[in-house]
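Q: I would like to go through this structure step by step. Could we begin with the basic terms?

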Amino acid sequence: MNVYLNLLGRFFLVLIFLMSAVGNKIPHFSGTTEYMRAEGVPAPALLLAGAILFLIAGGLSVLVGYKARIGAALLLVFLMLATYWFHDFWTFEDAQARQMQTINFMKNLALMGAMLMIIARGAGAGSLDRRFSKLD
């Protein structure tokens, strides 16, 4: 049962990253680049391409549990940068906008915590990392 719960948990965890890349950032690359430029992100097209790579590689790595610690580190870097650049709630005057950014900031902190746990403990039951380590 732990194998299935762990696999389902990893799926739910990475779905936000994979959908962000495939459902938003890739199909709206130019619009996202402009949004990033407006937020003051340097070299937005290059960093967006890097973000997409981190989201897909990290998401798939954590999902299947192969080199999951590295995948979680990629997602952690993405989260830290995205949180800094886009969820700076303390800069918003409008109370509703500040509240929304605070929620997104806290959501990202929770996801960062999950990535730190994967970095510390690995992907767990049902992961390729666990399967390959038993072959040694």
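A: Helices (H or I, at least four residues) and strands (E, at least two) are DSSP runs, numbered from the N terminus. Thr102, for instance, has its place in helix H5. The model is a predicted one, in which local features need pLDDT of at least 70 and side-chain atom pairs count only at pLDDT 80 or more, while totals for chains, interfaces and linings use all residues. Residues are numbered from 1 along each chain as its sequence is written, and side-chain values use heavy atoms, with hydrogens and water left out.

Q: How many helices and strands does the protein chain have?

A: The protein chain has six helices and zero strands. Along the sequence, the pattern reads α-α-α-α-α-α.

Q: What box do the C-alpha atoms fill?

A: Taken along the principal axes, the box filled by the C-alpha atoms of the protein chain is roughly 55 × 30 × 20 Å.

Q: And what share of the residues is buried?

A: Of the 136 residues in the protein chain, 36% count as buried. Buried means under 20% relative accessible area, exposed means over 50%, and partly exposed lies in between (1.4 Å probe, protein chains only).

Q: Back to Thr102, then: buried or partly exposed?

A: Thr102 counts as partly exposed because its relative accessibility is 26%. From C-alpha to C-alpha, Thr102 and Thr33 are 23 Å apart in space, and they are 69 residues apart in sequence.

Q: What about Lys107, where is its place?

A: Lys107 also has its place in helix H5. With a relative accessible area of 33%, Lys107 is partly exposed. The C-alpha atoms of Lys107 and Thr83 are separated by 9.5 Å, and these residues are 24 apart along the chain.

Q: How do H1 and H5 cross?

A: The axes of H1 (residues 2–25) and H5 (residues 95–121) come within 12 Å and cross at roughly 120 degrees. That angle makes H1 oblique to H5. Angles under 35 degrees count as roughly parallel, over 145 as roughly antiparallel, 65 to 115 as roughly perpendicular and the rest as oblique. The axes are lines fitted to C-alpha atoms, for helices over the stretch in contact, and angles run from 0 to 180 degrees between N-to-C directions.

Q: Which residues make the contact of H1 with H5?

A: Leu13, Ile16 and Phe17 of H1 make the contact with Lys107, Leu111, Ala114, Met115 and Ile118 of H5. Contact means heavy atoms within 4.5 Å. By type, the residues of this contact of H1 with H5 are seven nonpolar, no polar and one charged. Here Ala, Val, Leu, Ile, Met, Phe, Trp, Tyr, Cys and Pro count as nonpolar, Asp, Glu, Lys and Arg as charged, and the others, Gly among them, as polar.

Q: Let us turn to H3. What should its residues span?

A: At 1.5 Å a residue, the 21 residues of H3 (residues 44–64) should span 30 Å, and this agrees with its end C-alpha atoms, which are 30 Å apart. The expected span of a helix is 1.5 Å times one less than its number of residues.

Q: Which residues of H3 are buried, and what covers them?

A: The buried residues of H3 include Leu48, Ile52, Leu55, Val62 and Leu63. Their cover includes H1, H2 (29–38), H4 (68–86) and H5.

Q: How do H2 and H3 cross?

A: The axes of H2 and H3 come within 9 Å and cross at roughly 120 degrees. H2 and H3 are therefore oblique to each other. Among the residues that meet are Phe29 and Met36 in H2, and Leu48 and Ile52 in H3. The residues of this contact of H2 with H3 divide into eight nonpolar, two polar and one charged.

Q: Which loop holds Ala43, and what is its phi?

A: Ala43 is in the loop between H2 and H3. Its phi is positive, about 45 degrees, although Ala43 is not a glycine. Lys67, in the loop between H3 and H4, has a positive phi near 55 degrees and is likewise a residue other than glycine.

Q: Finally, where is Ser127 found, and what does it touch?

A: Ser127 is found in the loop between H5 and H6 (128–135). Ser127 counts as buried because its relative accessibility is 4%. Not counting residues up to four places away in sequence, Ser127 touches Arg10, Val64 and Gly65.
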